[in-house]
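Good morning, and thank you for coming.

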Amino acid sequence: MSNTTLHFPKDFLWGTAASAYQIEGAYNEDGKGESIWDRFVRWDAHVLNGDTGDIACDHYHRMPQDVALLKELGIPCYSFTVAWTRILPEGRGQVNAKGLDFYDRLVDALLDAGIRPKGTLYHWDFPQLLQDLGGWVNRDSVQWFGDYAQIVFDKLADRVKIWGTHNEPWVASFLGYASGFHAPGICDFTKAYQTAHHMLMAHGKAVQIYRDSGYGGEIGIILNLNGLIPASESEEDIAATQRVHDETHALFLDPVFKGRYPQRHFDYIGAHQPQIHEGDLQLIQQPIDFLGLNYYNTDTVSYDVFGGLNKARITPYSSPGWGKTDMHWGIHPAGIKSEVLHIKENYGNPDLYITENGCAMPDGPDENDFVLDWDRIRYIKAHIQALHEAIEAGANLKGYFVWSVFDNFEWERGYSNRFGLVRVNYETQERTPKQSAYWYRGVIKKNGIEI
Ligand code: FCB
């Protein structure tokens, strides 16, 4: 039996991603201010085992070695996020030079190692002092974010040529302000919708600032688009799926690409509709250079009168023979292709990056901390294969990033789930590449996968 290599387009960008709060640690060092996650992890019972990101992977102190490891693993592009409160400890006003310097050094270290840096401005770590003024619910947050963006661009955008504004604004709005699973832990749908609106405006503002500053790279927004399948063909299940789709997909995609919100959904949520001023949607609908798509899993949706605001019950969906990840997320590789094609067909076939894809697996290490993670390799390979099909079907997919390079702090689940290509021993901070890291190096080298 001979293997076939599925080749990816020339210049296809392979990478790995990580985020500030999940790996950096040093939560109160060198002048860093408090973020909502620094506060949230200290709130009784909100994170499994009382875990915090205070130390995490200690990346703040180990950055040079971590970059050297990325180089050894042949990673062409590394996606990092900036912690707002390292740059502006109070969220606005006084700039903290030491905080900016950390990212400056990171970017130079990456470039010296021949690795392209990709930056994201916001990955959920909002400044606590601005949260005290209402957080994203306060309309001033648009300007606060714009001012922060300008400072970051002025320091880094001469060398960082791919920028994301927000990572997963749905998570920040709905887990942060509706279910309260994430910081700031608020349970109020009206606030969640207002947050989504202001985050979208802040995105538009940052894009405008980036263009006006003339840095000439690419900028876009990163959305989490899970697959959704109606549990049956009943009208009720289809309508429930539509509601979830409107909240998670159309609420963000429509304003960014079409300059309008999904009216059907706004009619449904009634009094929870956000306050929108004239001109807001024009600000949101700035031309972007790419859409970042994070895809992990697919769910089936059925109508359930006890199913929250959307009256929907969500159940993990797995393709036959795949089962679930350690997060209890259903594995459905074809779902990534459906999401990509949904964007291609409904939003003008924009340039896309898969900005996150990967899985937490049980990861039993041997006595040397080595993890033979064939299950992770199988997952990633199947998703890459589905993406190859999407490209053949005409999608403008430009790159793919594995989440994540290191095991890290997985939000409300703390350290109980491991997503890394590299194992982190949290006691010693030792890093040990897993089998998947070596396998991924091979994919990058071949610019494709063997099937
Ligand atoms: C995404 C987040 C990322 C990580 C993965 C597993 O939703 O952007 O920080 O937690 O899920």
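A salt bridge here is a side-chain nitrogen of Lys or Arg within 4 Å of a carboxyl oxygen of Asp or Glu. By that criterion, Glu450 and Lys446 are joined through their side chains, with an N to O distance of 3.9 Å. Salt bridges with shared partners also tie Asp363, Asp373, Arg376, Asp407, Arg418 and Lys434 into one network.

Before I continue, a word on provenance. The model is predicted, so local features need pLDDT of at least 70 and side-chain atom pairs count only at pLDDT 80 or more, while totals for chains, interfaces and linings use all residues. Residues are numbered from 1 along each chain as its sequence is written, and side-chain values use heavy atoms, with hydrogens and water left out.

Let me return to the first pair and its exposure. Buried means under 20% relative accessible area, exposed means over 50%, and partly exposed lies in between, using a 1.4 Å probe and protein chains only. Glu450 has 32% relative accessibility and therefore counts as partly exposed; Lys446, at 36%, counts as partly exposed too.

In total, the structure holds 23 salt bridges. One of them joins the side chains of Lys10 and Asp11 at 3.9 Å, N to O, and both Lys10 and Asp11 are exposed. Another is formed by Arg211 and Asp289, whose closest N and O atoms are 3.0 Å apart. This pair links distant parts of the chain, 78 residues apart: Arg211 belongs to helix α9 (residues 189–213), and Asp289 to the loop between α12 (280–284) and β8 (290–294). Arg211 is partly exposed because its relative accessibility is 34%, and Asp289 is partly exposed because its relative accessible area is 27%.

Which charged residue is buried yet has no salt bridge? The residue is Asp125, and the nearest side chain of opposite charge, Lys32, is 6.7 Å away. Asp125 lies in the loop between β4 (116–122) and α6 (128–131). If residues up to four places away in sequence are set aside, the contacts of Asp125, defined by heavy atoms within 4.5 Å, include Tyr21, Trp37 and Trp84.

Two further loop residues deserve a place here. Trp329 sits in the loop between β10 (312–317) and α13 (334–346), and is partly exposed because its relative accessible area is 23%. Although Trp329 and Asn297 are 32 residues apart along the chain, 5.9 Å separates their C-alpha atoms. Beyond its neighbours within four places in sequence, Trp329 touches several residues, among them Asn297, Arg413 and Phe419. Asp44 lies in the loop between α2 (36–40) and α3 (59–72), and counts as exposed because its relative accessibility is 67%. From Asp44 to Pro89 there are 45 residues in sequence and 24 Å in space, C-alpha to C-alpha.

I turn now to the backbone. Most residues other than glycine have a negative phi, and most peptide bonds are trans. Asn49, which is not a glycine, has a positive phi of about 60 degrees. Asn49 is in the loop between α2 and α3 and, with 66% relative accessibility, therefore counts as exposed. Glu168 likewise has a positive phi, of about 50 degrees, without being a glycine. Glu168 is found in the loop between β5 (162–167) and α8, and its 7% relative accessibility is why it counts as buried.

Where are the cis peptide bonds? One joins Ala183 and Pro184, with omega about 5 degrees; Pro184 is in the loop between α8 (169–177) and α9. Another joins Trp403 and Ser404, with omega about 10 degrees, and Ser404 lies in the loop between β12 (397–403) and β13 (422–425).

I close with the chain as a whole. The protein chain has 15 helices and 15 strands, and 61% of its 451 residues count as buried. Along its principal axes, the C-alpha trace spans about 55 × 55 × 45 Å. Among contacts between residues at least 6 apart in sequence, 75% join residues at least 24 apart.

Technical notes. Helices (H or I, at least four residues) and strands (E, at least two) are DSSP runs, numbered from the N terminus. Lys and Arg count as positive and Asp and Glu as negative; His and the chain ends are not counted.
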